[in-house]
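I opened the model today to look up two things.

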Amino acid sequence: MAIHKALLLAILGCICLGGTVTSARELNDDLSMAAKHENWMAQYGRVYKDTTEKMRRFEVFKANVEFIETFNAQNHKFWLGVNQFADITNDEFRTTNTNKGLKANPMRVLSTGFRYENLSFDALPATMDWRAKGAVTPIKDQGQCGCCWAFSAVAVTEGIVKLKTSKLISLSEQELVDCDVHGEDQGCEGGLMDDAFKFIIKNGGLTMESRYPYTAADGKCKAGSNSAATITGFEDVPANNEGALMKAVANQPVSVAVDGGDMTFQFYSGGVMTGSCGTDLDHGIAAIGYGKTSDGTSFWLMKNSWGTTWGEIGYLRMEKDIADKKGMCGLAMEPSYPTK
Ligand SMILES: *[C@@H]1O[C@H](CO)[C@@H](O)[C@H](O)[C@H]1NC(C)=O
């Protein structure tokens with residue numbers, strides 16, 4: 001048994017470290033990392049096509065775990081976790097459809113009218129959590145389809161429908177992916193929340209999630225789906241203005257675009273995301289509240305569409321009212337919401 005274990009250690013050490021001579025300590029570290037990788041593969045049902053691919057993924061996994069552990073040992077207001085993205089590099093993550101479903105929108109024409117512009121800040125609630133008001137459906141998972149735009153638009157549509165009709169209905173992202181294909185939006189290849197709102201208006205609403213379930217792939221539009229919920233219009237929040245965004249989020253869930261490509265975003269696990277972040281908008285999420293931590297850090301509460309193994313059981317808190325007018329990860333650059 002002892003011999004067997006020593007042999008196993010030696011084999012693992014040679015394979016994982018490319019045959020270089022290493023200390024017993026390094027072998028042990030690699031063995032426990034290999035065990036971590038195996039556990040992670042089982043947890044996320046990951047299967048590799050061959051040993052070469054597995055070895056390559058193990059190296060990436062190891063580098064990511066080391067990055068996460070180093071980050072967490074530093075003094076940050078948020079922490080990272082070994083989630084479903086742990087065996088892909090950050091470069092790969094940036095090019096996956098999971099992250100880059102938001103189309104670039106250089107020609108964005110703002111809709112006229114911002115109905116919340118004259119609200120007084122004193123009249124706004126100090127904290128807001130639309131989940132507590134029953135206006136947020138459970139966390140969904142877009143998988144490997146670049147349709148964050150659909151999940152973001154649906155989340156805030158579900159919100160306004162609940163507020164206007166007092167019914168919380170989970171609505172169909174797949175209907176947007178399959179049917180909203182004659183304008184800017186291109187299913188799993190990306191889209192824009194405002195264009196999703198335009199489609200929902202023109203389409204006479206959206207059908208229920210249960211009637212038109214999510215497949216995480218482009219499909220043929222099933223015509224004649226009964227609409228379960230409607231909106232009448234949409235408005236854009238004035239750009240780069242977190243105050244204006246607060247007025248809107250105080251009144252309803254709001255779609256926001258962010259740069260979700262940073263490694264700290266890839267592995268975000270909890271706390272209030274602060275510090276540097278890119279502003280190349282590539283991901284759509286939903287602002288569903290705001291608040292302040294006990295240490296006085298103001299934050300936005302966001303709903304993401306990467307399942308419950310990412311973030312705070314699928315949610316994310318990002319620092320609010322930062323010096324950069326674009327907001328954390330660009331969140332104040334392109335917010336919008338449907339009206340009803
Ligand atoms: C806000 O107030 C200004 C000045 O009174 C007015 O012109 C504008 O229409 C108001 N906006 C809204 C959305 O009510």
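My entries on the ligand and the rings follow.

**Ground rules.** I number residues from 1 along each chain as its sequence is written. This is a predicted model, where local features need pLDDT of at least 70, side-chain atom pairs count only at pLDDT 80 or more, and totals for chains, interfaces and linings use all residues, while side-chain values use heavy atoms, with hydrogens and water left out.

**Ligand.** I looked up the residues around the ligand and found Phe-114, Glu-117 and Asn-118 (a heavy atom within 4 Å). A polar side-chain atom of Glu-117 lies 2.9 Å from a ligand nitrogen. For Asn-118, a side-chain N or O atom is 2.3 Å from a ligand oxygen. The ligand on its own has 360 Å² of accessible area, and the protein covers 30% of that (Shrake-Rupley method, 1.4 Å probe).

**Rings.** I found 18 aromatic pairs in the structure (ring centres within 6.5 Å, with the six-membered ring used for Trp; planes under 30 degrees apart are stacked, over 60 edge-to-face, the rest tilted). I picked out Tyr-268 and Trp-310, a tilted pair at 5.3 Å centre to centre and 45° between the planes. Tyr-268 is in strand 5 and Trp-310 in the loop between strand 7 and strand 8, so the pair ties together parts 42 residues apart in sequence (strands are DSSP runs of E, at least two residues, numbered from the N terminus). Tyr-268 is buried at 1% relative accessibility (buried means under 20% relative accessible area, 1.4 Å probe, protein chains only). Trp-310 is buried too, at 0%. Ring pairs also link both into a cluster whose members include Phe-67, Phe-265 and Trp-306.

**Charges over rings.** Lys-222 lies over the face of Tyr-212, 4.2 Å from the ring centre (NZ of Lys or CZ of Arg within 6 Å of the centre and within 35 degrees of the ring normal).

Note on methods. A polar contact is a pair of N or O atoms within 3.5 Å; within protein, one must be able to donate a hydrogen and the other to accept it, and residues adjacent in sequence count only if both atoms are side-chain atoms. Helices (H or I, at least four residues) and strands (E, at least two) are DSSP runs, numbered from the N terminus. Buried means under 20% relative accessible area, exposed over 50%, partly exposed in between (1.4 Å probe, protein chains only).
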